[in-house]
Amino acid sequence: LCHRFGHQDRLRNAAMTLSIQYLYYLVGAVLALTAIATFSDRSNPKRVSSGLFWGLYALVFLVGDQLPPLWVGVGAVAMALIAGFGGVAGGQHKSPSVAEYAASAKRLGNKLFAPALAIPLVTMIGTLSAKHLSVGGVPLLDPKNTTLVSLGVGCVLSLALVCWLTRETPAQGMRESRRLTDALGWALVLPQMLGMLGLVFSDAGVGKAVAYVTTTYINMDLRFVAVAVYVIGMALFTIIMGNGFAAFPVMTGGVGVPVLVGVYHGDPAVMAAIGMLSGYCGTLLTPMAANFNIVPAALLELPDKNAVIRAQVPTALALLTANVFLLYFLMFR
């Protein structure tokens, strides 16, 4: 009986903690509703393939932890094939007229910024105060994923605030979510796919190959050179793969950990923070980061699809140069 009651207590404690799995369920539910709406949208010429694409993506969030990794991989390949053969398309969405937009903007004014600002505010509050949020010693937020869980809570509260300000319903929020999903298309999945690619590269030994090339052909005995190789390498790999999360395991496993930490005994936390920032500099420079650079140009109907990238080049190069010196002076204090 004691064992049974103890097991029940653990289940209750787990239920009290808001884990990241609930955020996955929420994202999966939104994607599943998107898939259902896409299947039933007769204005979409590719509603079957598009609905299948979003349905497969929804399954990853809803039951991905219960599926064998092989089947998750098969689903990812299927999604890539659907997108690669042009099977993802958007339907027609009824949007308010220009006059209605203007009237709504005039009525709400600067209040429109409140929901957007609420997301980072709630995320910050949740992250910084998570260790104090507990009931009977049971944490209310998942200690391992506090920031992501806080972000999910911020998004839900922001949606509630939007509905209150605009006098709309959550259903309208779902319609707007689908409209944006259709506008982004397959590029919405790129960050997660490229993050997976980084792990594949790492397991395939690309990091070891990078370590061999850099130590063989570059004089890594100079600490500044080693720092520059890591920072610039993060940007270059991000340019190639389109995502800093994909570049991070490769460059950190090839140069960061063995050289900057292992040889020069630098602070790994500083290396990770500035390394990712260096990767983001590469994000500003590559069309591979389509959801950041190509999709906005398409949404704004710019004649030059690389206009966003061209505007970001000076900022990216200046910040990348600054990162070399920041890492050199902060990592080895």
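**Overall fold and helix packing in the predicted model**

Of the contacts in the chain with a separation of 6 or more, 72% are accounted for by residues 24 or more positions apart. The structure described here is a predicted model, and its secondary structure comes to 15 helices and two strands. Taken along the principal axes, the box filled by the C-alpha atoms of the chain is roughly 70 × 60 × 45 Å. The chain has 333 residues, of which 34% count as buried.

Seven names make up the buried set of α3: S50, G51, F53, W54, Y57, A58 and F61. Around the helix axis these residues cover an arc of only 155°, so they sit on the same side of α3.

Helix α2 spans residues 20-39 and helix α8 spans residues 170-184. Their axes come within 10 Å and cross at roughly 75°. Because angles of 65 to 115 degrees count as roughly perpendicular, α2 and α8 are roughly perpendicular to each other. On the α2 side, the contact is made by V30, L33, T34, A37 and T38; on the α8 side, M174, S177, R178 and T181 take part. Sorted by class, this contact of α2 with α8 has four nonpolar, four polar and one charged residues.

Two loop residues also deserve a look for their backbone geometry. R167 is found in the loop between α7 (146-166) and α8. The phi angle of R167 is near 60°, a positive value in a residue other than glycine. With a relative accessibility of 67%, R167 counts as exposed, since the cut-off for that label is over 50%. H265 lies in the loop that joins α12 (244-261) and α13 (268-283). Phi of H265 is near 55°, again a positive value in a residue other than glycine. H265 has 64% relative accessibility and therefore counts as exposed.

Note on methods: Residues numbered from 1 in each chain as written. Predicted model: local features only at pLDDT ≥ 70, side-chain atom pairs only at ≥ 80, totals over all residues. Heavy atoms only, no water. Buried < 20%, exposed > 50% of the residue type's maximum accessible area, 1.4 Å probe, protein only. Helix = DSSP H or I, 4+ residues; strand = E, 2+ residues; numbered from the N terminus. Arc of directions from axis to C-beta. Axes fitted to C-alpha atoms, helices over the stretch in contact; angles between N-to-C directions. Parallel < 35°, antiparallel > 145°, perpendicular 65-115°, else oblique. Contact = heavy atoms within 4.5 Å. Nonpolar A, V, L, I, M, F, W, Y, C, P; charged D, E, K, R; others polar.
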